[in-house]
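These are my notebook entries on a structure I looked up. I begin with terms and then turn to backbone angles, a helix and the cores.

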Amino acid sequence: MKIAAIDIGSNAARLLINEVKEPKKGKPEFIKLNLLRIPFRLGFDVFAYGEIGAERKKMVINSMKVFAQLMEIYGVEHYRACATSAMRDAKNGKEIIDLVKQESGIQIEIISGDEEATLIYENHVAEGLDKNFGYLYIDVGGGSTELTYYENGKMKYEHSFNIGTIRLINNLVTKENWEELKTEIKTKIVSKKPMVAIGSGGNINKIFSLSKTKDGKSLSLNMLKTFYKDLKDLTVEERMAKYRLREDRADVLVPALEIFNKVLSWTEISQIFVPKISVADGLIHSIYDNLKKNK
């Protein structure tokens with residue numbers, strides 16, 4: 001069975017195509033066939049001007065045509081296309097969704113921040129981990145940050161905050177936004193168990209690879225603070241040269257680290273695991289789970 005997920009975020013859009021192999025015994029195997037990322041950077045238009053500009057609108061429509069052709073070439077049987085924070089906030093979001101449907105046949109759904117948090121949780125990472133700990137999923141995007149807390153095999157808390165990397169670059173995150181995040185953490189994410197963080201999103205994945213940490217090992221909060229201190233004093237061009245980063249990663253890495261560092265400090269979590277999961281991976285799992293339920 002071939003399943004595709006399209007995640008249209010505030011910084012980039014991703015098309016993920018998986019083949020699901022179902023053994024007679026045991027869990028299904030999800031094999032990645034292709035992952036295509038296009039940096040639309042919708043948040044730069046939306047968070048500053050309230051709508052998606054003509055150039056980025058054309059980019060979205062043309063990219064969705066390519067995504068549709070790729071899904072056809074791979075023989076994708078089921079897909080879901082979801083847009084998050086930037087498209088949610090865009091005045092012309094519905095107009096663009098209608099145009100995409102007409103031009104490519106792809107139906108985009110705008111999902112809430114809380115549903116975005118749930119999709120990260122759909123990756124089921126914490127289910128295989130030690131039940132003596134509580135697990136906080138932290139997903140940092142261009143327009144929002146999703147927190148999901150998981151303990152004793154159950155989701156205990158989920159919330160989306162309008163604090164994202166592109167909003168921070170545009171000085172659109174207020175002191176009140178930070179206070180809301182801190183208060184929620186201090187009052188809602190409390191446990192007698194020690195807590196561990198699970199990070200997702202392109203920025204934490206990039207920091208993980210730059211750190212040369214082995215897969216399965218955690219990053220320390222101290223290491224994230226060191227990266228933040230080093231990167232924030234460099235220009236975008238200097239970051240690109242020193243760490244071999246693309247421009248659309250070099251500018252958002254520092255605000256992403258600021259968010260991760262604050263969340264970890266406020267929760268008093270010292271370690272974060274980076275299993276390289278994403279909203280797109282969660283979408284694939286949720287599509288598969290729903291197909292199994294409806295059989």
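I took helices (H or I, at least four residues) and strands (E, at least two) as DSSP runs, numbered from the N terminus. I worked from a predicted model, in which local features need pLDDT of at least 70, side-chain atom pairs count only at pLDDT 80 or more, and totals for chains, interfaces and linings use all residues. Residues are numbered from 1 along each chain as its sequence is written, and side-chain values use heavy atoms, with hydrogens and water left out.

**Entry: backbone angles.** I found arginine 41 in the loop between strand S3 (29-38) and H1. Its phi is positive, about 60°, although arginine 41 is not a glycine. I noted that most residues other than glycine have a negative phi. Is arginine 41 buried or exposed? I used buried for under 20% relative accessible area, exposed for over 50% and partly exposed in between (1.4 Å probe, protein chains only). Arginine 41 is buried, at 11%. Asparagine 171, in the loop between H6 and H7, also has a positive phi, near 55°, but is exposed at 70%.

**Entry: helix H1.** Six of the eight residues of H1 (42-49) are buried, so the helix is largely enclosed by the rest of the structure. Phe44 and Phe47 are among them. Glycine 50, with a positive phi near 85°, follows H1.

**Entry: cores.** I counted as a nonpolar core a set of buried Ala, Val, Leu, Ile, Met, Phe, Trp, Tyr and Cys residues joined through side-chain atoms within 4.5 Å. The largest has 41 residues. H12 gives the largest share of this core, nine residues.
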